[in-house]
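Dear colleague,

I am passing on the structure below, together with some notes on what was found in it. Please read the notes alongside the coordinates.

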Amino acid sequence: MYEYFAMGTKLHIALIFFILSILTACSTENREQALGTLERERITFSATANEIIRELPITEGSAVQAGDVLARLDTKNQQAVLAHAVAEAAKAQAYLLKLSNGERQEDVAAAHARVDRAQAKLTETLQNYKRVEELVKKKLLSQSEKDSAIATRDAARAELDSAKEEFSKLTAGTRPEEIEQAQAAHAAAIADVSLQQQKLDELTIIATRNGILDNLPYNLGERVQVNAIVAIIQADLVPYARVYVPAPYRLTVIPGAQFPVHIDGVKEPLQGKVRWVATEPSFTPYYALTENERARLMYLAEIDLPESAQPLPSGLPVQVELARQE
């Protein structure tokens with residue numbers, strides 16, 4: 001009976017050691033791998049205005065090409081702003097043209113006529129003054145009559161000078177400073193038109209790269225806020241492996257290093273090349289861990305794959321063999 005009990009105890013202990021060896025081997029194997037998933041670049045498109053979505057011409061999951069319309073926002077408000085900017089530009093251009101061309105011939109002719117009239121009036125007042133002066137000398141008129149004639153003469157002379165100055169102003173043309181100011185105002189108006197046109201164009205969300213329309217967060221008819229994401233494209237490029245590297249292998253996983261990458265569903269491993277690895281761990285900071293626990297720290301890394309991986313869908317699990325550096 002005792003021998004049977006002893007034999008059972010030995011078998012139990014042997015079984016425990018066998019299980020521990022398997023767990024140890026699995027744990028060691030897992031530490032020699034960097035686990036993660038296949039990823040692709042994601043391009044997000046945000047709204048530039050607080051408007052309602054009027055059109056979603058492409059459904060989620062569809063392939064898109066650069067230049068395809070992903071969404072259209074309401075354009076009524078921006079079209080009104082653009083029309084106002086165009087009108088202001090036309091007004092500035094007309095004012096600049098007026099200054100550049102000078103005054104109309106009709107206005108110049110009228111000013112010339114006022115000069116002639118003032119000249120004729122001055123001639124008349126001069127003759128009248130001479131007659132009054134002769135009569136005052138003969139004491140046929142009083143001194144006050146002479147003073148009145150002098151005042152009339154001086155007023156006519158001043159009126160002639162004013163008419164001549166107005167005529168000179170009309171015929172001299174616009175000052176260069178005024179023309180430059182009008183040119184600057186016209187340029188500013190044109191720039192505002194370009195800006196408002198760009199804002200109008202941005203209300204139509206257009207794909208900038210080929211890929212798959214991954215997500216449309218808003219529905220048709222919903223109002224979006226400024227900078228809200230209205231479309232997400234998954235780029236139609238070769239995917240990369242986004243994995244977490246255990247701390248003991250961090251020194252060997254550097255940009256340019258190559259490792260075998262196993263992908264679920266793919267028989268043969270692909271050759272991957274590290275393009276980026278984080279300098280800081282992604283999980284608990286090292287100063288909060290013991291020496292044994294620090295081995296569990298993980299560093300995020302991105303590994304490029306060959307062209308043959310392009311057909312593979314994103315999200316597939318991957319394992320990178322860190323112990324087999326190529």
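**Helices**

Among the elements that cover the buried residues of helix α2 is α5 (176-202), where buried means under 20% relative accessible area, exposed over 50% and partly exposed in between, with a 1.4 Å probe and protein chains only. This is a predicted model, in which local features need pLDDT of at least 70 and side-chain atom pairs count only at pLDDT 80 or more, while totals for chains, interfaces and linings use all residues. Residues are numbered from 1 along each chain as its sequence is written, and side-chain values use heavy atoms, with hydrogens and water left out.

Helix α2 itself takes in residues 76-101, and its 26 residues reach 38 Å from the first C-alpha to the last, close to the 38 Å expected at 1.5 Å a residue; the expected span is 1.5 Å times one less than the number of residues. Helices (H or I, at least four residues) and strands (E, at least two) are DSSP runs, numbered from the N terminus. The buried residues of α2 are Gln78, Leu82, Ala85, Ala89, Ala92, Leu96 and Leu99. An α-helix has 3.6 residues a turn, so residues three or four places apart point the same way.

In helix α3 (residues 105-137) one finds Ala111, which is buried with a relative accessible area of 1%. Ala111 and Ser168 are separated by 57 residues in sequence, yet their C-alpha atoms are 9.0 Å apart in space.

**Strands and the barrel**

Strand β8 (residues 229-235) has 6 of its 7 residues buried, so it is largely enclosed by the rest of the structure. Strand β2 (residues 42-46) pairs with β8 in the antiparallel sense over 5 bridges, two strands being paired if DSSP finds at least two bridges between them, and within that pairing Phe45 has Ala231 of β8 as its bridge partner. Strand β7 (residues 211-215) also pairs with β8 in the antiparallel sense, over 4 bridges, with Asn215 opposite Ile232.

A closed barrel of 6 strands, with antiparallel pairing, runs in the order β1-β9-β12-β11-β10-β13. Its neighbouring strands are turned by 40 degrees against each other on average, direction ignored; axes are lines fitted to C-alpha atoms, for helices over the stretch in contact, and angles run from 0 to 180 degrees between N-to-C directions.

β9 is joined to β1 by 5 antiparallel bridges, with Glu39 partnered by Tyr240 in β9, and to β12 by 7 antiparallel bridges, with Tyr244 partnered by Leu300 in β12. Strands β10 (residues 258-263) and β11 (residues 270-277) run antiparallel and are joined by 4 bridges, Gln258 standing opposite Lys273 in β11.

**Nonpolar cores**

The largest nonpolar core has 23 residues, and those with the most contacts inside it are Val243, Val245, Ile263, Val320 and Leu322; such a core is a set of buried Ala, Val, Leu, Ile, Met, Phe, Trp, Tyr and Cys residues joined through side-chain atoms within 4.5 Å. Two or more residues come from each of β1 (33-39), β9 (240-246), β10, β11, β12 (298-304) and β13 (317-321). Apart from this core lies another, of 21 residues, which includes Phe45, Leu70, Ala231 and Ala235.

With kind regards

Technical notes
Contact means heavy atoms within 4.5 Å.
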